Amino acid sequence: MSILEFSLLVWLGSFSAGLLGALTGLGGGVVIVPLLTSVFGVDLRYAVGASLVSVIATSLGAASTYIKKGYTNLRLGMFLEVGTTIGAIIGATIATFVSVKALTIVLAIVLIYSAYLSQRPRIENTQDEPADPLADYLKLNNSYPTPDGLMSYQVHSVPVGFSMMILAGVLSGLLGIGSGGFKVLAMDQAMRLPFKVSTTTSNFMIGVTAAASAGVYLARGYIDPGLSMPVMLGVLPGAFLGARVLAGTQTEILRTIFSIVLVVMALKMVYNNLIGGL
């Protein structure tokens, strides 16, 4: 395979990853890492480095559209980003001391469990429930657009959500996935936000988390410009397209896409990195 063919195939895969990342709040990295390692045989740590670059691109591509449309909770995102940034630096620091197989197992477990949690039924309209006093104090409650007009929502379990964001940051630094899946689940299940608010706020946050991790990977030589460039150029237009599609997509469809992508990628990584290597 020539360099041009390799770059074109990586671009096509990255475009799909950006589209899925923007729709589900995963950031694209959850597709990029398995794609590069399983299909193209790229070393996991270099794949993570390229993935972190793609996550930043996905966030830049989708976040501006979501903010203009009123889906993203900016105040909540900036508050939770403190926890994810701390966790990302910790994760990226210890990543080089963890074996590739161990990283693969951790990623597969996170993906499959995330898919399970995302399919649990939950009532999205929580405006009649008691508000979290800390959410009131920090002014985190907000509203988002629906076909019936603006819908208000309350933010719950702020300390639990913040703690989960630290763990999400560690996973981001270790695995290069932007930890969007874990962030979406933390906001959707623990903090009980509407799913579209969770995914769009996650997209806003993942760029900062990935940037914190990418600095460590760059310093250690795990970001290859020849690999990262086609990844970024593919992810960015995919993220723009996904951001435009999300507004008209039903929440149930988004949850289904979210779960399917997670399970397929988890199984693919386990097979190629563990079973396939026996």
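Helices (H or I, at least four residues) and strands (E, at least two) are DSSP runs, numbered from the N terminus. This is a predicted model: local features need pLDDT of at least 70, side-chain atom pairs count only at pLDDT 80 or more, and totals for chains, interfaces and linings use all residues. Residues are numbered from 1 along each chain as its sequence is written, and side-chain values use heavy atoms, with hydrogens and water left out.

**Transmembrane spans**

- An unreviewed UniProt entry marks "transmembrane region" at several places, including residues 203-223 and 229-246. Such annotations may be inferred rather than shown by experiment; feature names are shortened and positions follow the numbering used here.
- Residues 203-223 are 81% helix and 0% strand, with end C-alpha atoms 22 Å apart.
- Residues 229-246 are 100% helix and 0% strand, and their end C-alpha atoms lie 26 Å apart.

**Helix H9**

- H9 covers residues 195-219, 25 residues in total. From first C-alpha to last it reaches 36 Å, close to the 36 Å expected at 1.5 Å a residue. The expected span is 1.5 Å times one less than the number of residues.
- At Met-205, H9 bends by about 30°. A bend is the angle between axes fitted to the seven residues ending at a residue and the seven starting there.
- H9 is largely enclosed by the rest of the structure, because 19 of its 25 residues are buried. Buried means under 20% relative accessible area, exposed over 50%, and partly exposed in between (1.4 Å probe, protein chains only).
- Gly-221 follows H9 and has a positive phi, near 80°.

**Helix H4**

- H4 (residues 74-95) has 22 residues and spans 30 Å, close to the 32 Å expected.
- H4 bends by about 30° at Glu-81.
- Glu-81 is buried, and so are other H4 residues, among them Gly-77, Thr-84 and Ala-88.

**Aromatic pairs**

- Rings of Phe, Tyr and Trp (its six-membered ring) pair if their centres lie within 6.5 Å; planes under 30 degrees apart count as stacked, over 60 as edge-to-face and the rest as tilted. This gives 5 aromatic pairs.
- Tyr-46 and Tyr-222 have ring centres 5.5 Å apart and planes at 75°, so they pair edge-to-face.
- Tyr-46 sits in H3 and Tyr-222 in the loop between H9 and H10, so the pair ties together parts 176 residues apart in sequence.

**Nonpolar cores**

- A nonpolar core is a set of buried Ala, Val, Leu, Ile, Met, Phe, Trp, Tyr and Cys residues joined through side-chain atoms within 4.5 Å.
- The largest has 18 residues, and Tyr-66 and Phe-258 have the most contacts inside it.
- A second, separate core of 17 residues includes Val-48, Ala-92, Val-170 and Ile-223.
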